[in-house]
Amino acid sequence: MKRGYVGIIAAVLRVISQGDCRAGLACRMEIDYQTLDEYLNFLVRRKLNGVSPSGDNDCYEVTVRGLEFLRDYEALSDLLEGRRSAWW
């Protein structure tokens with residue numbers, strides 16, 4: 001299945017949560033730096049990720065809000081793909 005915009009956002013957050021910086025993100029996500037920067041800037045504006053406290057502008061960390069997004073995204077994906085029954 002082709003990745004949609006929300007799926008790409010979830011994938012970026014997943015890779016960030018594994019500790020990769022910008023170069024590793026671009027390589028693992030198989031997207032160019034310009035596209036990656038658009039996603040990263042979007043995520044920062046939505047407070048789903050932030051720049052790592054180490055001060056390295058090329059490293060990011062997932063915020064609590066980002067982790068909540070990932071949890072909800074995974075639950076919805078599981079439900080839609082039949083891996084989990086409805087939660088209501």
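Predicted model: local features only at pLDDT ≥ 70, side-chain atom pairs only at ≥ 80, totals over all residues.
Two residues are said to be in contact when heavy atoms of one lie within 4.5 Å of heavy atoms of the other.

**Overall layout**

The protein contains four helices and two strands, and, when it is read along the sequence, these elements follow the pattern α-α-α-β-β-α. Of its 88 residues, 36% are buried. Among the contacts between residues at least 6 apart in sequence, 39% join residues that are at least 24 apart.

In soluble globular proteins, nonpolar side chains tend to be buried together. In this model the largest nonpolar core has 21 residues, and the members that touch the most other members are Val12, Leu13, Ile16, Met29, Leu40 and Leu43. At least two residues of this core come from each of α1 (5-17), α2 (22-29), α3 (33-45) and β2 (60-62), while α1 gives the most, with eight residues.

When its neighbours within four places in sequence are left aside, isoleucine 16 is in contact with Leu25, Leu40, Asn49, Tyr60, Glu61 and Val62.

Two packed helices are described by the angle between their axes and the distance between the axes.

| Helix pair | Angle between axes | Distance between axes |
|---|---|---|
| α1 and α3 | about 85° | 11 Å |
| α1 and α2 | about 130° | 10 Å |

Angles of 65 to 115 degrees count as roughly perpendicular, and α1 and α3, at about 85°, are therefore roughly perpendicular to each other. In this pair, Tyr5, Ile8, Ile9, Val12, Leu13 and Ile16 of α1 meet Tyr39, Leu40, Phe42 and Leu43 of α3. The residues of this contact divide into ten nonpolar, no polar and no charged.

For the other pair, the angle of about 130° makes α1 oblique to α2, and α1 passes α2 in a right-handed crossing. Here Ile8, Ala11, Val12, Val15 and Ile16 of α1 meet Leu25, Arg28 and Met29 of α2. The residues of the contact of α1 with α2 divide into seven nonpolar, no polar and one charged.

**Two residues in more detail**

Valine 44, with which this report began, is found in helix α3. Because its relative accessibility is 36%, valine 44 counts as partly exposed, a class that falls between the limits of 20% for buried and 50% for exposed. Valine 44 and glycine 66 are 22 residues apart in sequence, and the distance in space from C-alpha to C-alpha is 9.8 Å.

Serine 52 lies in the loop between β1 (49-51) and β2. Is serine 52 buried or exposed? With a relative accessible area of 16%, serine 52 is buried, since buried means under 20%. Leaving out residues up to four places away in sequence, serine 52 touches Cys59, Tyr60 and Glu61.

Terms used. Residues numbered from 1 in each chain as written. Heavy atoms only, no water. Core = buried A, V, L, I, M, F, W, Y, C linked by side-chain atoms within 4.5 Å. Buried < 20%, exposed > 50% of the residue type's maximum accessible area, 1.4 Å probe, protein only. Axes fitted to C-alpha atoms, helices over the stretch in contact; angles between N-to-C directions. Parallel < 35°, antiparallel > 145°, perpendicular 65-115°, else oblique. Nonpolar A, V, L, I, M, F, W, Y, C, P; charged D, E, K, R; others polar. Left-handed = near helix turned anticlockwise from the far one by under 90°.
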